[in-house]
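Good morning. I will take a few minutes to go through one structure, part by part. Please keep the picture in view while I talk.

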Amino acid sequence: MNSLETAIYRTGAAIFEELAFLFPTEEIEDYQRALPARAAAEVGFRGPVSGQLVVVAYGEVLPQLAANMLGEDAHHSEQIQRDALGEVANVICGNLLPALSGTQAVFSLDAPQVSAAVCNEDGHGGKRPSAEVIIGLDGGRADLLLYLRQ
Amino acid sequence: MGYNILVVDDSAVMRGMIIKSLRLSGLPLEEIYQAGNGAEGLSAIAAHRVDLALVDINMPLMNGEEMVTRLRENPATAALPVIVVSTESSESRIESFAASGARFIHKPFEPQAFRAAVIDLTGGKINEQFGNCDLQDGGCDF
């Protein structure tokens, strides 16, 4: 991984741990790579650099997020699950930007947009991400894609 | 009796997490009100007795900055204790909230952060109407 990918991975893994108590797996297993995407959360940002961070949840990550963040065992609606993913993406983005640009930089973040459609490398206006990392999580994985506007 | 708290965040999940952290913090709580944006937050403050507001920054319709500005412009709410709960890391923006008398908690947070912020805001004392309560000692006599 290059330095940008390392920053994204470290920030993303830390937020999944601290916010949702989901711990990264050491390796990405074949079954994790084969899991279906469940939802994608996009957070736009503007500042010294502008772009979007997209977090795609695969497998059972989505229901686990809601359950862990709310500390309840009850099944949560799809709306709540997507809300949880959106908030995780929001917090990852908010913590990633100063890691990239320092704490003097001022950014504006858009509200997270969560959809069932997957924003993959062909789905974001045909643009490839500036950086992409995969975080293996118990029962699934999360792909973090950073699109920077030049 | 305890604090009447208003939680303002556009994410229902984040409001739930904040409320859970408040309950784990050991602070004496009475009513907890919720709002999804700054405008709803101001309406809640107008309709209920609120002792402390926890406010996100980035929200639709009215963001947290504008909500805090309007609170400070109104003599009836100018002194309301406010804690901003956000991913914001810009030193200048955090300082501007401090200049308005608000405290700041960075997401992700731990329950102890709320207790520490409330102690900092209130000097360790809950409003006299709640009785003799010294948070630093961890005890409240009601």
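I will start with a sheet, go on to a helix, and end with some aromatic side chains. One thing to say at the outset is that this is a predicted model.

Let us begin with chain B. Its open sheet has five strands, in the order E2-E1-E3-E4-E5, and the pairing is parallel. At the edges stand E2(B), residues 29–35, and E5(B), residues 103–106. Each of these two has a single partner strand, so one of its sides has no neighbour in the sheet. From one strand to the next, the twist averages 20°.

If strand pairing is new to you, strands of a sheet pair through backbone hydrogen bonds, and they do so either parallel or antiparallel. For a worked case, take E1(B), residues 3–8, and E3(B), residues 52–55: they run parallel and are joined by four bridges. Within that pair, Ile5(B) is found opposite Leu52(B).

A helix also packs on this sheet, namely H5(B), residues 111–122. H5(B) touches E1, E3, E4 and E5 of chain B, and its direction is at about 170° to that of E5(B).

Now to chain A and its helix H4, residues 78–101. As for cover, 17 of the 24 residues of H4(A) are buried, so to speak mostly out of view. Just after H4(A) comes Gly102(A), with a positive phi of about 90°.

Last, the aromatic rings. How many aromatic pairs does a search of the whole structure find? There are two, over all chains. In chain A, the ring centres of Phe45(A) and Phe107(A) are 6.2 Å apart. Their planes lie at 75°, over the 60 degrees needed, so this pair is edge-to-face.

Back in chain A, the charged end of Arg141(A) sits over the ring of Tyr58(A), 3.6 Å from the ring centre.

Technical notes. Residues are numbered from 1 along each chain as its sequence is written. Chains are lettered from A and ligands numbered from 1 in the order in which they are written. This is a predicted model: local features need pLDDT of at least 70, side-chain atom pairs count only at pLDDT 80 or more; totals for chains, interfaces and linings use all residues. Side-chain values use heavy atoms; hydrogens and water are left out. Two strands pair if DSSP finds at least two bridges between them. Axes are lines fitted to C-alpha atoms, for helices over the stretch in contact, and angles run from 0 to 180 degrees between N-to-C directions. Contact means heavy atoms within 4.5 Å. The expected span of a helix is 1.5 Å times one less than its number of residues. Buried means under 20% relative accessible area, exposed over 50%, partly exposed in between (1.4 Å probe, protein chains only). Rings of Phe, Tyr and Trp (its six-membered ring) pair if their centres lie within 6.5 Å; planes under 30 degrees apart count as stacked, over 60 as edge-to-face and the rest as tilted. A charge sits over a ring if NZ of Lys or CZ of Arg is within 6 Å of the ring centre and within 35 degrees of the ring normal.
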